Amino acid sequence: MPDFSDFIVYADESGDHGLVSIDPEYPVFALTFCVMRKADYSGTVVPAVQSFKFGIWRHDAVILHEHEIRKSKGPFAILMTDPALRKRFYNGLNSLIEAAPMTIFASVIDKERLRAKYANPWNPYEIALLFCMERLHGMLTAESQHGKTVHVIFESRGKKEDAELELEFRRIAGNDGHWGYRRHDFSRFDFQPVFMSKAANAAGLQLADLTARPIALSQLRPGQPNRAFDIIRPKLGGLKCFP
């Protein structure tokens with residue numbers, strides 16, 4: 001039987017990683033890894049997320065989705081009709097993220113700068129994934145997790161997209177990337193990607209979703225007030241903007 005890690009990783013992104021047509025209003029791609037001890041996740045994080053949902057909707061079927069929250073769409077349309085509820089929702093959501101015992105690794109790619117700097121730039125997702133994997137490697141090493149199976153949970157985007165991401169993930173995990181240098185021996189861990197539908201209502205994926213855009217905006221518009229990032233900042237174990 002495999003020896004499983006004490007940690008679980010949930011990943012999500014903000015923006016698209018394409019370099020052909022870049023949105024001038026949001027020319028960045030961000031990838032975030034939310035890392036938690038499994039005991040903390042099952043014993044603290046999941047119950048806290050469910051309790052928050054019960055407090056707002058009286059059930060826990062709602063999926064916390066940053067885009068829908070920001071636009072007050074779907075189940076979050078109620079935030080437009082009741083100012084007191086809206087205030088309670090955001091106070092509760094901020095407290096939920098603030099209290100979550102997690103370490104976050106994130107990478108933000110400025111796609112315009114990347115395209116301008118390199119004649120044949122690497123895929124932004126590959127760059128971001130390598131950075132997050134390097135920082136995850138460092139944390140797991142410090143926590144003596146060598147030789148253990150580490151699951152990294154991604155939101156499923158479709159059969160083709162999942163296959164492409166899994167291929168790149170396994171290249172990095174197998175030290176088989178095209179990076180031209182080796183700072184980490186990823187084979188010291190058994191990294192395994194897992195793809196999960198948003199409809200599965202996983203608390204970890206929802207936390208990752210809530211962190212990705214605020215982190216991206218902290219690099220895209222550093223002078224703009226960013227309350228969400230202020231809450232996330234103390235949890236950052238690594239954040240880098242490329243190039």
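Q: If helices (H or I, at least four residues) and strands (E, at least two) are DSSP runs, numbered from the N terminus, which helix holds both R170 and E166?

A: Both residues lie in helix α6, which covers residues 159-173, and they stand 4 residues apart, about one turn of the helix. The model is a predicted one, in which local features need pLDDT of at least 70 and side-chain atom pairs count only at pLDDT 80 or more, while totals for chains, interfaces and linings use all residues. Residues are numbered from 1 along each chain as its sequence is written, and side-chain values use heavy atoms, with hydrogens and water left out.

Q: What joins R170 to E166 in helix α6?

A: The general idea is the salt bridge, a side-chain nitrogen of Lys or Arg within 4 Å of a carboxyl oxygen of Asp or Glu. In this structure R170 forms such a bridge with E166, and their closest N and O atoms are 2.9 Å apart.

Q: How many salt bridges does the count give, and which residues are linked in a network of them?

A: The count by this rule comes to 15 salt bridges. A network of salt bridges links D12, E13, E155, R157 and K198.

Q: Are R170 and E166 buried, partly exposed or exposed?

A: The reading rests on relative accessible area: buried means under 20%, exposed means over 50%, and partly exposed lies in between, with a 1.4 Å probe and protein chains only. R170 has a relative accessible area of 36%, so this residue is partly exposed, and E166, with 27%, is partly exposed too.

Q: Which residue forms a salt bridge with E66, and where do the two lie?

A: E66 pairs with R70, the closest N and O atoms being 2.8 Å apart. Both belong to helix α2, with 4 residues from one to the other, about one turn of the helix. E66 counts as buried because its relative accessibility is 15%, whereas R70 counts as partly exposed because its value is 36%.

Q: Which residue meets the side chain of D230 in a salt bridge?

A: It is R233, whose side chain meets that of D230 at 3.2 Å, N to O. D230 has 38% relative accessibility and therefore counts as partly exposed, and R233, at 47%, likewise counts as partly exposed.

Q: How should I read a pocket or a cavity, and what volume does the largest pocket have?

A: On a 1 Å grid over the protein atoms alone, a cavity is a set of points where a 1.4 Å probe fits but cannot get out, whereas a pocket is an open set with protein on both sides within 12 Å along at least five of seven lines, and lining residues have an atom within 4 Å of a point. Grid points are joined across faces, edges and corners, and a volume is the space filled by probe spheres set on the points. Here the largest pocket has a volume of about 430 Å³. The lining of this pocket has 18 residues, and the closest to its centre are E66, Y90, L210, P214 and A228. Helices α2 (66-71), α3 (83-99), α7 and α8 (227-232) each supply at least two residues of that lining.

Q: Where does I232 lie, and which residues does it touch?

A: Contact means heavy atoms within 4.5 Å. I232 has its place in helix α8 and, not counting residues up to four places away in sequence, touches I97, I104, L210, T211, P214 and I215. At 1% relative accessibility, I232 counts as buried. Between the C-alpha atoms of I232 and P243, which are 11 residues apart along the chain, the separation is 23 Å.

Q: Is T149 buried or exposed, and in which strand is it found?

A: T149 is found in strand β4 (residues 149-155), and its relative accessibility of 6% is why it counts as buried. Under the exclusion of residues up to four places away in sequence, T149 touches P2, D3, F4, S5, D190 and Q192.

Q: Which helix holds L167, and how far is its C-alpha atom from that of V46?

A: L167 is found in helix α6, and it is partly exposed, with a relative accessible area of 47%. The C-alpha atoms of L167 and V46 are separated by 30 Å, and these residues are 121 residues apart along the chain.
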